[in-house]
Amino acid sequence: MMVADVARLMRRSFDARARSIGVTRPQWGVLSILSLNEGINQGGLADLLEVEPITLCRMVDRLQDAELIERRRDPADRRAWNLYLSDKGRDRLEDLRPLSEELLAMAMDGVTDEERAALDNALHRIRSNILAWEAPAVASHG
């Protein structure tokens with residue numbers, strides 16, 4: 001419960017900060033993941049974000065209307081569109097990075113380097129354990 005509560009508080013705090021520059025946290029997530037996967041199609045991006053394609057389509061529409069991303073025709077499939085950050089989108093992402101860094105610094109205030117390393121190691125171990133536990137279940141259920 002503590003991990004979920006901390007995550008909720010961090011999301012809420014980031015939302016308030018991001019709103020000041022006109023972006024929601026989910027939009028920031030789209031911009032961040034897209035910056036690492038430019039040229040991906042909407043279905044692939046929806047998979048990476050773990051959202052339904054129709055949900056992502058609405059977010060992409062809003063981000064395109066705000067001129068933060070661009071849809072470009074896929075040269076291999078004229079029915080498909082690939083997604084790219086616009087220059088304005090790159091600028092907005094750069095505006096969001098300091099907000100994220102500030103929130104993390106505030107949240108980690110008073111936490112020693114050793115405690116940070118232990119927390120990071122513990123969370124990675126927990127994540128690995130869950131993924132290893134889920135893999136056989138996914139494989140057996142198709």
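Guide: Two strands pair if DSSP finds at least two bridges between them. Keep that in mind for this predicted model.

Visitor: In which sense do S1 and S2 pair, parallel or antiparallel?
Guide: S1 and S2 form a hairpin, with 2 residues between them. They are joined over 6 bridges. The sense of the pairing is antiparallel.

Visitor: What pattern does the chain follow along the sequence?
Guide: The chain has 6 helices and 2 strands. Its C-alpha atoms fill a box of roughly 50 × 45 × 20 Å along the principal axes. Read along the sequence, the pattern is α-α-α-α-β-β-α-α.

Visitor: What percentage of the residues in the chain is buried?
Guide: Buried means under 20% relative accessible area. The chain has 142 residues. The buried part comes to 24%.

Visitor: Why do the buried residues of H3 line one face of the helix?
Guide: H3 covers residues 42–49, and its buried residues are Gln 42, Leu 45 and Ala 46. An α-helix has 3.6 residues a turn, so residues three or four places apart point the same way. Seen down the axis of H3, the buried residues line one face because they fall within an arc of 105°.

Visitor: Which residue caps the N-terminal end of H3?
Guide: Look at the backbone nitrogen of Gly 43. A side-chain oxygen lies 3.2 Å from that nitrogen. The oxygen belongs to the capping residue, Asn 41.

Visitor: And which residue just after H3 takes a positive phi?
Guide: The angle is about 55°. The residue is Glu 50.

Visitor: How far apart are the end C-alpha atoms of H2?
Guide: H2 has 12 residues. At 1.5 Å a residue, H2 should span 16 Å. The model agrees with that, since the end C-alpha atoms are apart by 17 Å.

Visitor: Which elements do the buried residues of H2 pack against?
Guide: The buried residues of H2 are Gln 27, Gly 29, Val 30, Leu 31 and Leu 34. They pack against H3, H4, S1, S2 and H5.

Visitor: Which element gives the most to the largest nonpolar core?
Guide: This core has 15 residues, and those with the most contacts inside it are Leu 31, Leu 56 and Ile 69. Two or more residues come from each of H2, H3, H4 and S2. With 4 residues, the element that gives the most is H4.

Visitor: How many residues are in the other core, which lies apart from it?
Guide: Among its members are Ala 18, Leu 96, Leu 99 and Leu 103. The number of residues in this other core is 6.

Visitor: Is Ser 86 buried or exposed?
Guide: Ser 86 sits in the loop between S2 and H5. Buried means under 20% relative accessible area. Ser 86 has 7% relative accessibility, so Ser 86 counts as buried.

Visitor: Which residue has the backbone oxygen that the side chain of Ser 86 reaches?
Guide: Ser 86 touches Glu 67, Leu 68, Ile 69 and Glu 70, not counting residues up to four places away in sequence. Its side chain reaches a backbone oxygen at 2.6 Å. That oxygen belongs to Glu 67.

How values were computed
Residues are numbered from 1 along each chain as its sequence is written. This is a predicted model: local features need pLDDT of at least 70, side-chain atom pairs count only at pLDDT 80 or more; totals for chains, interfaces and linings use all residues. Side-chain values use heavy atoms; hydrogens and water are left out. Buried means under 20% relative accessible area, exposed over 50%, partly exposed in between (1.4 Å probe, protein chains only). The arc is that of the directions from the helix axis to the C-beta atoms. A polar contact is a pair of N or O atoms within 3.5 Å; within protein, one must be able to donate a hydrogen and the other to accept it, and residues adjacent in sequence count only if both atoms are side-chain atoms. A nonpolar core is a set of buried Ala, Val, Leu, Ile, Met, Phe, Trp, Tyr and Cys residues joined through side-chain atoms within 4.5 Å. The expected span of a helix is 1.5 Å times one less than its number of residues. Contact means heavy atoms within 4.5 Å.
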